[in-house]
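These are my notebook entries on one structure.

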Amino acid sequence: MRRIYFDNSATTAVDPRVLEAMLPYFTELHGNASSLHFYGQQSKKAIALARRQVAALVNANENEIVFTSGGTEADNLAVIGTAEAHASRGRHVITSKIEHPAVLKACLELEERGWEVTYVPVSRGGLVDAGDVRDAIRDDTVLVTVMHVNNEIGTIQPIAEIGRVVAERRAAGQTHLHMHTDAVQSVGKMPVDVRELGVDLLSIAGHKLHGPKGAGALFVRKGVRVKQRQFGGHQERGRRPGTEAVPLVVGLGMACQIAGERLDDRMRAVGALRDRLEAGIRDRLDGIAFNGDPEHRVPHIANVSFKDVAGEGLLISLDLKGVAVATGAACSSGSMEPSHVLVALGIDRDLIHGSLRFSLCETNTDDEVDAVLEALPEVIGRLRSEVLSAEY
């Protein structure tokens with residue numbers, strides 16, 4: 001059976017060049033980067049190179065990059081670590097209703113510790129209004145955290161505009177106010193510049209950009225205080241102690257270097273694939289709705305609701321035909337609760353339950369898109385017939 005992978009927002013295949021760069025650090029160059037001998041120093045040099053590679057992709061300084069185990073740890077360190085570091089100045093955080101669970105559950109943890117969290121709404125397309133953020137900021141607000149690109153619908157948030165709102169308050173004397181963005185779905189998929197965005201903290205996950213699972217990074221602007229979440233040695237300037245996973249860090253660095261090459265060309269190619277997919281769905285099927293902002297979105301994500309179809313059944317039926325897609329965030333699979341993102345958009349519950357996310361990458365092809373378009377009408381037609389039969 002031919003297999004087609006359209007779930008690249010959940011995870012991506014490791015680039016062969018990334019794997020090649022990693023392999024020596026599993027075997028002959030296996031030293032601990034804290035050791036003073038040859039093996040340790042080779043690992044230390046490899047980590048330093050990876051730090052430069054990650055920093056270059058987002059226009060940061062290398063000493064502003066903290067390596068983590070992935071996007072979730074980076075988000076947790078940013079949200080809880082920054083909040084706790086400035087708790088003496090205030091205990092209020094602002095976020096949006098459509099954040100990734102790594103941010104939402106970190107905020108919930110803060111609430112359980114007595115913090116206040118304001119969840120700003122989004123438009124029907126999933127956009128946060130910078131004005132709502134401005135109105136929500138209080139004298140005791142220490143952190144605004146809004147994701148750069150939503151993982152389910154692909155909407156790009158006005159982070160630079162929100163960053164300016166935060167900068168204005170900071171310039172007016174609220175020096176304890178900071179800005180974080182979860183950029184897991186944007187880094188490597190579109191240009192990301194921490195200076196242009198005006199953020200103090202930014203989260204990255206390696207496995208979303210053809211790097212290894214278990215590797216991520218947090219940009220922390222020079223001078224920003226973040227309280228560590230784990231304790232041990234001196235690694236990562238004490239912000240994230242523990243022996244470095246050198247092969248994974250090397251893989252993340254190489255993935256970032258590759259992601260920066262020909263980025264505009266890859267964006268155009270992936271965007272053309274998505275447009276081909278969406279046009280084909282419109283031509284072949286009725287009772288559909290596309291979710292997310294039609295203009296402010298990344299090229300690799302298409303989120304579609306199919307009327308009178310259960311998303312889980314559709315996902316399984318497509319998988320049986322060799323097509324891998326998703327019904328929402330990968331970390332929420334198995335949950336029968338409707339997508340909190342689509343709920344926040346105000347979409348009808350019946351449509352939410354019939355929603356799929358298609359997420360593409362540069363290795364996908366026109367041929368694969370056409371094969372999915374051929375499979376969809378038959379599968380949806382059968383599932384809708386079953387629903388009608390059950391009603392009678």
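Before the entries, I note that contact means heavy atoms within 4.5 Å. Helices (H or I, at least four residues) and strands (E, at least two) are DSSP runs, numbered from the N terminus. Axes are lines fitted to C-alpha atoms, for helices over the stretch in contact, and angles run from 0 to 180 degrees between N-to-C directions.

The model is predicted: local features need pLDDT of at least 70, side-chain atom pairs count only at pLDDT 80 or more, and totals for chains, interfaces and linings use all residues. Residues are numbered from 1 along each chain as its sequence is written, and side-chain values use heavy atoms, with hydrogens and water left out.

Entry on the sheet. I found an open sheet of seven strands in the order E2-E8-E7-E6-E5-E3-E4, with mixed pairing; two strands pair if DSSP finds at least two bridges between them. At the edges I located E2 (65-68) and E4 (116-120), each pairing on one side only. On average, neighbouring strands are turned by 20 degrees against each other, direction ignored.

Entry on one pair. E6 (residues 178-182) and E7 (residues 201-205) pair in the parallel sense over three bridges. I saw that His180 has Leu201 in E7 as its bridge partner.

Entry on a helix. H2 (residues 38-58) lies across E2, E7 and E8 (216-220), and runs at about 115 degrees to E2.

Entry on Arg170. I placed Arg170 in helix H6 (residues 159-171). Its side chain reaches the backbone oxygen of Leu177 at 2.7 Å. The side chains of Arg170 and Asp200 are joined by a polar contact of 2.9 Å (a pair of N or O atoms within 3.5 Å; within protein, one must be able to donate a hydrogen and the other to accept it, and residues adjacent in sequence count only if both atoms are side-chain atoms).
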